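Please keep the sequence and the model open while reading.

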Amino acid sequence: APTDADCDVVVIGAGPGGYTAAFRAADLGLKVILVERYDTLGGVCLNVGCIPSKALLHVGHILDTAEQFKDHGVVFGKPKIELDKLRDWKSSVVGKLTGGLASMAKQRKVETVTGKAEFAGPHELKVDGKDGGRTIKFKHAIIAAGSRPVAPPGMDLDDPRVMDSTGALELEEIPKRLLVVGGGIIGLEMATVYEALGAKVTVVELMDRLMAGADKDILRPFEKRIRARYENIYTGTKVAGMEALKKGIKVTFEGKDAPENDTFDRVLVAVGRRPNGDLVNAEAAGLEVDRGFIKADEQMRTSVPHIFAIGDVIGQPMLAHKATHEGKVAAEVIAGEKSAFDARVIPSVAYTDPEVAWVGLTEEQAKEQGIKVEKGAFPWAASGRALAMGREEGMTKLLFDAETGRVVGGSIVGVSAGDLIGEVALAIEMGSDATDIGLTVHPHPTLSETVCFAAEMAEGTITDLY
Ligand code: FAD
């Protein structure tokens, strides 16, 4: 390491991975510089990802809930959507969080530098900022450069009506007809928002199912609800091309159920994300970059021992909670602690309506891997709380290893499924079996009871629903 280094650790990228790593390293007594090309801290998640999408999804949830009770004796007037105010509110939520990060950095004496960073050597970073260039000499580096949306050929039309997730979150207008290309979590969350705000939504997905990775039983209630609400859902269908017309974007489809073409007011392309490892000139530090990916081991160390990589840039699952945990590990390893990323499972959540959440193995995965499982599935139609909310379509399903009895997977669909899945993740981490979960007294009446009931169903201690 250079004797004239400017810092112990330089962190490239101030998303959930980067800021967590920077703060943890500073808390452990290291001198830290955090470099971010954009003016605010927080990365994709806070600025154009997790947080603004959840703010808008909350609004969608309010609209749908109000509408839902029209048949049950509570009738509201037609909602008036003031887009400017709604946008301001969303931005204020983001601003509170990104502003909070800036003061947390200050408190810890983490120096933040605004500008695009590129390696100039194994211990040297060049930052190109508004106020000119600067060279930072470092002992250790953490690459937390994140990822960006991809627009494959045929979907890369340069027209403001063709949006990526960032464009969709800007909420410029509510289109009459919106096409969402990509039936993954991001596409379906934005579909939920726009549908609730009044757009007629069509979803097209190349694979023969939506939300790859989710348990099929859990997906069923979700699909039933959106099929009733959306204009069209085409699975096993390819978008072959797009053309900008005055009256809209003409999209050509190839698939069994889809028409040859259709014209939409706006199109959201959400077909995947590409890691940003190609933006940091990593080769100059001796690193290999494979289509944007940078490899790291369980200590977050790359092939160059004093350089670490975390978050979306090291690959799937591209989730904020994975990035933050990895960020802590990288900081601790640099500070000399014996840390490693050793999570058994990482939960996935689609904050759609209803929410879909899963952790560990799904039934299909267990089958593929030849793991014999026993299952307990509790339908929310038997949950007093779900009935009281008028949302009994949910289901909680747990899978247990038939040999050890330990819980190996959980899938939940329904209101707040994302909040419920954390308990299942804890149960898996702790090696709990169905008895542990079933004997844990859960508060009544809550949706959390459905986790307990699913375990009891697997054990056979409740066979009938009461
Ligand atoms: P990022 O958050 O991508 O941050 C990387 C930062 O590095 C960026 O700020 C970038 O500007 C900066 N950077 C890149 N290159 C350079 C450079 N050369 N110099 C300086 N700075 C650089 N995940 C969830 O867990 N839950 C959700 O609900 C969720 N919702 C999402 C919704 C949407 C619409 C999107 C797009 C994503 C969502 N995600 C969600 C994913 C989540 O945002 C990412 O997994 C997370 O942000 C990854 O964190 P990160 O620290 O790896 O990188």
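Which of the 37 residues around the ligand come nearest? They are Gly13, Gly15, Gly43, Gly146 and Gly311; a residue counts as near a molecule if its C-beta atom, placed from the backbone, lies within 6 Å of it. Two or more residues of this shell come from each of helix H1 (16–27), strand S2 (32–36), helix H2 (43–48), helix H3 (50–68), strand S4 (116–121) and helix H8 (320–334). Helices (H or I, at least four residues) and strands (E, at least two) are DSSP runs, numbered from the N terminus. The shell around the ligand divides into 20 nonpolar, 13 polar and 4 charged residues. Here Ala, Val, Leu, Ile, Met, Phe, Trp, Tyr, Cys and Pro count as nonpolar, Asp, Glu, Lys and Arg as charged, and the others, Gly among them, as polar.

The model is predicted: local features need pLDDT of at least 70, side-chain atom pairs count only at pLDDT 80 or more, and totals for chains, interfaces and linings use all residues. Residues are numbered from 1 along each chain as its sequence is written.

**Helix pairs**

The axes of H1 and H8 come within 7 Å and cross at roughly 30°. Axes are lines fitted to C-alpha atoms, for helices over the stretch in contact, and angles run from 0 to 180 degrees between N-to-C directions. H1 is therefore roughly parallel to H8, a term for angles under 35 degrees. The contact, meaning C-beta atoms placed from the backbone within 7 Å, includes Pro16, Gly17 and Arg24 of H1 and Ala320, Glu326 and Lys328 of H8. By class, the contact of H1 with H8 has 8 nonpolar, 5 polar and 4 charged residues.

H3 packs against helix H6 (residues 185–196) at an angle of about 45°, with the axes 8 Å apart. On the H3 side the contact residues include Ser53, Leu56 and Asp64, and on the H6 side Glu189 and Val193. The contact of H3 with H6 is made up of 5 nonpolar, 3 polar and 2 charged residues.

**The sheet**

An open sheet of 5 strands has the order S18-S19-S22-S21-S20, with antiparallel pairing; strands pair if DSSP finds at least two bridges between them. Strand S18 (348–350) and strand S20 (373–379) are at the edges with a single partner strand each, so one side of each has no neighbour in the sheet. Neighbouring strands of this sheet are turned by 10° against each other on average, direction ignored. S18 is joined to strand S19 (residues 355–360) by 3 bridges, and Ala350 has Val356 in S19 as its bridge partner.

Helix H11 (residues 417–429) packs on the sheet and touches S18, S19, strand S21 (395–401) and strand S22 (407–414). Helix H13 (residues 449–459) also packs on the sheet, touching S20 and S21, and its direction makes about 135° with that of S20.

**Backbone details**

| Peptide bond | Form | Omega |
|---|---|---|
| Gln316 to Pro317 | cis | near -10° |
| His444 to Pro445 | cis | near -5° |

Pro317 lies in the loop between strand S17 (307–309) and H8, and Pro445 in the loop between helix H12 (434–439) and H13. Lys109, a residue other than glycine, has a positive phi near 60°; Lys109 is in the loop between helix H4 (83–107) and strand S3 (111–114).

How values were computed: Two residues are in contact if their C-beta atoms, placed from the backbone, lie within 7 Å. Angles under 35 degrees count as roughly parallel, over 145 as roughly antiparallel, 65 to 115 as roughly perpendicular and the rest as oblique.
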